[in-house]
Amino acid sequence: MEATVLSISPLISTPCNPNNNPHSNTHRLNKTHLFNSLSFTHKPLIFQSTYKGVVKAQAVDEDYELKQVKDMAAARKRWDALVREGKVKVLTPKEAGYAIQLSGKTLLDVRPSSEHEKAWVKGSTWIPIFDVDTQLDAGTLSRKVTSYMMGGWWSGVPTLSFDNRFISKVTEKFPEDADLIVACQKGLRSLAACELLYNAGYRNLFWVQGGLEAAEEEDLEREGPQPFKLAGVGGLSGFLGWTDQQRAQAAKEGWGYRLVFTGRLIGVVLAADALFLAVQQAARYLQDIRGN
């Protein structure tokens, strides 16, 4: 029997059009590695009615996972080399705050808009390396549905796409000899951005280790409605306060903060019960109609 192939689209799409980026010919290899390392893609699933088909599907899964592990390991080796060789200097969030205040260095925020709009460093420059995918074509809608069904409803992580013009946008604002402090929410995408910037000719790069999530409120001058630590929180887990960041915040804020999320949890439970009773009532109503 012929196999039916179901390809699950990536949560982060990574279109790469060399015509949109004057640096793409020079750094295409590095971008390819970057996409493989940062794209949280889901492997194709192969369904067959035979036992051999099941074995084949398992082999495909294992090959895919092995490739993803190798890609990420290769990326981390490159990034570790950048730091180890001093091509990218490491700063803690507190040190980054001192550098901005005392030395006038620029903080380059490469987070997506979904995180940046919640909290940002005062005076920083925002140029996302990945941003929320707003396209409405069939492929993007498929990725968004897949992302939502595979856990986006819980984590609130949106579908992101790589900005092919990231380097060109940076070069429009900063010369290659500029001092740039590069930061994201957790530190991974900012390190990837440092690699692209270094390959594009920037030599005075500083990476915020751990990202803005590792910053205390006194480390950096913040603007925006939420603390830095909560800028990456979303979805149902964020609504209910079930993330590590929110639990840490609750320990500082006390019972008042916890009661808000307790009330939300009770509301969700009551809403679920009401929905369940409504479905049962509707089922009885349909049975009565059919019986008559």
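## Terms and basis of the model

A nonpolar core is a set of buried Ala, Val, Leu, Ile, Met, Phe, Trp, Tyr and Cys residues joined through side-chain atoms within 4.5 Å. Buried means under 20% relative accessible area, exposed over 50%, and partly exposed in between, with a 1.4 Å probe and protein chains only.

The structure is a predicted model, in which local features need pLDDT of at least 70 and side-chain atom pairs count only at pLDDT 80 or more, while totals for chains, interfaces and linings use all residues. Residues are numbered from 1 along each chain as its sequence is written, and side-chain values use heavy atoms, with hydrogens and water left out.

## Overall composition

The protein has 10 helices and 12 strands; these are DSSP runs numbered from the N terminus, helices being H or I of at least four residues and strands E of at least two. Of its 292 residues, 40% count as buried. The protein exposes about 16400 Å², of which carbon and sulfur atoms supply 58%; accessible areas come from the Shrake-Rupley method with a 1.4 Å probe, and for residues only the protein chains shown count as cover.

Contact means heavy atoms within 4.5 Å. Among contacts between residues at least 6 apart in sequence, 70% join residues at least 24 apart.

In soluble globular proteins, nonpolar side chains tend to be buried together. The largest nonpolar core here holds 30 residues, and F166, V170, L180 and L197 touch the most other members. Elements giving two or more residues to this core are α2 (51–84), β9 (160–162), α6 (166–173), β10, α7 (188–199) and β11. The largest share, seven residues, comes from α7.

Leaving aside neighbours within four places in sequence, L180 is in contact with T106, L108, V170, F174, Y202, N204, L205 and F206. A second, separate core of 15 residues includes A96, V208, L220 and F228.

## The parallel sheet

Five strands form an open sheet with parallel pairing, in the order β4-β11-β10-β5-β7. Two strands pair if DSSP finds at least two bridges between them. At the edges stand β4 and β7 (125–126), each with a single partner strand, so one side of each is left without a neighbour in the sheet.

The parallel pairing of β4 and β11 runs over four bridges. In β11, L205 is the bridge partner of V88.

## Helix α3

Helix α3 spans residues 93–103, and P93, A96, G97 and A99 are buried in it. These residues lie on the same side of α3 because they cover an arc of only 160 degrees around the axis, the arc being that of the directions from the helix axis to the C-beta atoms. The buried residues of α3 pack against β4 (88–91), β10 (180–183) and β11 (205–208).

On the face turned away from the buried side, α3 carries the exposed residues Q101 and L102. After α3 comes G104, whose phi is positive, near 70 degrees.

## Cysteines and His116

With a disulfide taken as a pair of cysteine sulfur atoms within 2.5 Å, the count comes to zero. C184 is in no disulfide, and the nearest cysteine sulfur, that of C194, is 9.1 Å away. C184 counts as buried at 5% relative accessibility, and C194 is buried with a relative accessible area of 0%.

H116 lies in helix α4 (residues 113–116) and counts as buried at 15% relative accessibility. Not counting residues up to four places away in sequence, H116 touches D109, R111 and W126.
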